[in-house]
Amino acid sequence: DFMTRLSEDEELLARCFVLKLLTFATGRELGFSDRDEVERIISQCSEGGYRAGDLLHAVISSNIFQYK
């Protein structure tokens, strides 16, 4: 039941996916200063339904990844 309810919140799943990708890619924990960029990525991908490819592309082209 918990997993079913969790999987219903697509935005939450997308946000966690982006945070984990960026943490792995940069080799550091994300901080308060990274919040705006993460929110930009999430809102940018919301129109497409948070597809994994879109999220990955947005992470790779983000300032956090580009200037790590």
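**Exercise 1.** At roughly what angle do the axes of α2 and α3 cross? Describe the contact between α2 and α3 as well.

*Solution.* The model is predicted.
Step 1: the axes of α2 and α3 cross at roughly 130° and come within 10 Å.
Step 2: angles over 145 degrees count as roughly antiparallel and 65 to 115 as roughly perpendicular, the rest being oblique, which makes α2 oblique to α3.
Step 3: the crossing of α2 past α3 is right-handed.
Step 4: on the α2 side the meeting residues are E11, A14, R15, V18, L19 and L22, and on the α3 side V38, E39, I41 and I42.
Step 5: sorted by class, this contact of α2 with α3 holds 7 nonpolar and 3 charged residues, with no polar ones.

**Exercise 2.** Which residues of α2 and α4 make the contact of these helices? State how the helices cross.

*Solution.* Step 1: helix α2 spans residues 10-26 and helix α4 residues 52-60; their axes come within 10 Å and cross at roughly 40°.
Step 2: this crossing makes α2 oblique to α4, and its hand is right-handed.
Step 3: α2 contributes A14, F17, V18, L21 and L22, while α4 contributes A52, L55, L56 and V59.
Step 4: the contact of α2 with α4 has 9 nonpolar residues, no polar and no charged.

**Exercise 3.** Which residues of α4 are buried, and what covers them?

*Solution.* Step 1: the buried residues of α4 are L55, A58 and V59.
Step 2: viewed down the axis of α4, these buried residues lie within an arc of 100°, so they line one face of the helix.
Step 3: the cover over the buried residues of α4 includes α2, α3 (35-46) and α5 (63-66).

Terms used. Residues numbered from 1 in each chain as written. Predicted model: local features only at pLDDT ≥ 70, side-chain atom pairs only at ≥ 80, totals over all residues. Heavy atoms only, no water. Axes fitted to C-alpha atoms, helices over the stretch in contact; angles between N-to-C directions. Helix = DSSP H or I, 4+ residues; strand = E, 2+ residues; numbered from the N terminus. Parallel < 35°, antiparallel > 145°, perpendicular 65-115°, else oblique. Left-handed = near helix turned anticlockwise from the far one by under 90°. Contact = heavy atoms within 4.5 Å. Nonpolar A, V, L, I, M, F, W, Y, C, P; charged D, E, K, R; others polar. Buried < 20%, exposed > 50% of the residue type's maximum accessible area, 1.4 Å probe, protein only. Arc of directions from axis to C-beta.
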